[in-house]
Amino acid sequence: MAGTPPPLAPVLQFPPELLLRAQDVRVAFFDVDGVLTDGSLYFSAEGETLKRFHTLDGHGLKLLQQGGITPAVVTGRDSPALRLRLSALGVAHARFGTEDKRPAAEAILAELGLDWHQAAAMGDDWPDLPVMRRAALACAPQGAHAEVRAVAHHVTTALPGTGAARELCDLLLVASGRYSGLLAAYAG
């Protein structure tokens, strides 16, 4: 006769200085190409942009919302595939087709009544630097441009489009004290 399994103890650990930096984060800004995707761009014969997304990253964005942290997207591109994916994940705050990402992020902060000290940002290339440099926590995926990695407080072990965004989500949830409860709810 099978009994109730023991509680699942989290195995993720992050350096204390990262957890302190992330404690007050209430919004996380994500770039798309090179962060939520592997950075490859696929075009159909009709010119439609096709994108490949990873379920780990998508579930991480949903977990952020469950943990009370708002995921937001600020991207230089726009496509029906991207809008469909973000809608399916419930990401309500997004700015598309903008190369000047700082004002776009500031507009989202204003909508949410938040400030930069309550923001995290993840990017992979130069257009992401203005947002990353202002955020309390800056994160870059492995393989990001050298200048972006240099300003990041954390460079993920996961590659872009294959769990890098999830790594930031997990870090934020651990720092907020919500990770264990969310894990227990799923593992129960």
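**Helix crossing, parallel sheet and exposed residues**

Author: The crossing of helix 2 and helix 7 is left-handed, a term used when the near helix is turned anticlockwise from the far one by less than a right angle, with clockwise giving right-handed. The model is predicted, so local features need pLDDT of at least 70 and side-chain atom pairs count only at pLDDT 80 or more, while totals for chains, interfaces and linings use all residues. Residues are numbered from 1 along each chain as its sequence is written, and side-chain values use heavy atoms, with hydrogens and water left out.

Reader: Which residues make the contact, and what is its make-up by class?

Author: Contact means heavy atoms within 4.5 Å. On helix 2 the contact is made by Leu 56, Asp 57, His 59, Gly 60, Leu 61, Leu 63 and Leu 64, and on helix 7 by Ala 164, Ala 165, Arg 166, Cys 169, Leu 172 and Leu 173. By class, these are 9 nonpolar, 2 polar and 2 charged residues, where Ala, Val, Leu, Ile, Met, Phe, Trp, Tyr, Cys and Pro count as nonpolar, Asp, Glu, Lys and Arg as charged, and the others, Gly among them, as polar.

Reader: What is the order of the strands in the open sheet, and what makes two strands a pair?

Author: Two strands pair if DSSP finds at least two bridges between them. The 6 strands follow the order 5-4-1-6-7-8 with parallel pairing. Strand 1 (residues 27-30) is joined to strand 4 by 4 bridges, with Phe 30 partnered by Val 73, and strand 1 also pairs with strand 6 over 4 bridges, where Phe 29 stands opposite Ala 121. Strand 4 and strand 5 (residues 93-95) share 3 bridges, including that of Val 74 with Arg 95. Strand 6 (residues 119-122) and strand 7 (residues 137-140) likewise have 3 bridges, among them Ala 121 with Ala 138 and Ala 120 with Leu 137.

Reader: Why do strand 5 and strand 8 stand at the edges?

Author: Each has a single partner strand, so one side of strand 5 and one side of strand 8 (154-155) are left without a neighbour in the sheet.

Reader: What makes strand 4 largely enclosed by the rest of the structure?

Author: Buried means under 20% relative accessible area, exposed over 50%, and partly exposed in between (1.4 Å probe, protein chains only). In strand 4 (residues 70-74), 4 of the 5 residues are buried, so the strand is largely enclosed. In strand 7, Leu 137 and Cys 139 point one way and Ala 138 and Ala 140 the other, and all are buried.

Reader: Why do Glu 46, Leu 84 and Glu 99 count as exposed?

Author: Glu 46, in the loop between strand 2 (42-43) and strand 3 (49-50), has 71% relative accessibility and therefore counts as exposed. Leu 84, in helix 3 (residues 80-89), is exposed because its relative accessible area is 64%. Glu 99, in the loop between strand 5 and helix 4 (101-112), is exposed because its value is 55%. Leaving aside neighbours within four places in sequence, Glu 99 is in contact with Gly 76 and Pro 127.
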